[in-house]
Amino acid sequence: MLNLLSISEVSANMVATLSKLGVWYLVLFNAFGVMATVLRVIEFQMKKRIFSIIFAMLSVSCWVVYFLLQGDFVTSLTNGVCVFQAIVFMQREKHKWANSKVWLFIFIAFQVAIGIIFWQTWKNIFPLIGSMLEVTAYFIISRKAYRLLGVVFALFFVLNSAFNLYYVSLVNDVAVTISSFIAIIRYDRKDYKETFKKLLSTRKNS
């Protein structure tokens, strides 16, 4: 039975072996990081929910390989669960079993459990909250709410990457934040304008 120590040893041996590739090793895993970022940016520009989830799933799959190549099996496994999550949430509008809110609580519980098990510093609060909001964003059907939550959870990941100096992740998180803002401007600007006008008219009447 594998324990954390044996997993660490396997990770170290894997990285040591791949490092023999020299500069090509850096090119290899960073290529997956770049692909993951591009796919995530495209995700928020998709109008239909199913396409957003497909691009999200492809992006997370790239992160699985990215962290696997660096010997980070735990993070790779976490992202692997997110791939399964995307597959389940994609079925919400097709099958009753996938439409159950139980799935939402299951995946949120998983993120909380991972956050608690590997808690090291107060900075871990950022990815924990970001992950919970991200799960909720992909579960809900409303595209407007998804894009709004997208901005919020992306900002939490930006804070996490900035505080921990995760440069590749920071580029990804900033790009996702910008893309989600652009998506709101593209698709939801009129709705927010109408809401703002109604609030102004209500205040004037009162």
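In this predicted model, helices H7 and H8 cross in a left-handed sense. H7 covers residues 143–164, and its axis lies 8 Å from that of H8, at an angle of about 160°. An angle over 145 degrees counts as roughly antiparallel, and the two helices are therefore roughly antiparallel to each other. On the H7 side the contact is made by Arg147, Leu148, Gly150, Val151, Ala154, Leu155, Phe157, Val158, Ser161 and Ala162. H8 contributes Ser169, Leu170, Asp173, Val174, Val176, Thr177, Ser180, Phe181, Ala183, Ile184 and Tyr187. By class, the residues of this contact are 14 nonpolar, 5 polar and 2 charged.

H8 itself runs over residues 167–187. At 1.5 Å a residue, its 21 residues should span 30 Å, and the C-alpha atoms at its ends are 30 Å apart, which agrees. Buried residues of H8 include Ser169, Asp173, Val176, Thr177, Ser180, Ala183 and Ile184, and each of these also belongs to the contact with H7. Asn172 and Ser179 of H8 are buried too.

Helix H2, residues 23–43, can be checked by its length in the same way: 21 residues should span 30 Å, and the end C-alpha atoms are 30 Å apart, in agreement. Its buried residues are Tyr25, Phe29, Gly33, Ala36, Thr37, Leu39, Arg40 and Glu43. Among them are the charged residues Arg40 and Glu43.

Asparagine 79 sits in helix H4, which comprises residues 73–90. Its relative accessible area is 14%; buried means under 20%, so asparagine 79 is buried. Beyond its neighbours within four places in sequence, asparagine 79 is in contact with Val60, Trp63, Val64 and Phe67.

Notes:
Residues are numbered from 1 along each chain as its sequence is written. This is a predicted model: local features need pLDDT of at least 70, side-chain atom pairs count only at pLDDT 80 or more; totals for chains, interfaces and linings use all residues. Side-chain values use heavy atoms; hydrogens and water are left out. Helices (H or I, at least four residues) and strands (E, at least two) are DSSP runs, numbered from the N terminus. The expected span of a helix is 1.5 Å times one less than its number of residues. Buried means under 20% relative accessible area, exposed over 50%, partly exposed in between (1.4 Å probe, protein chains only). Contact means heavy atoms within 4.5 Å. Axes are lines fitted to C-alpha atoms, for helices over the stretch in contact, and angles run from 0 to 180 degrees between N-to-C directions. Angles under 35 degrees count as roughly parallel, over 145 as roughly antiparallel, 65 to 115 as roughly perpendicular and the rest as oblique. A crossing is left-handed if the near helix is turned anticlockwise from the far one by less than a right angle, and right-handed if clockwise.
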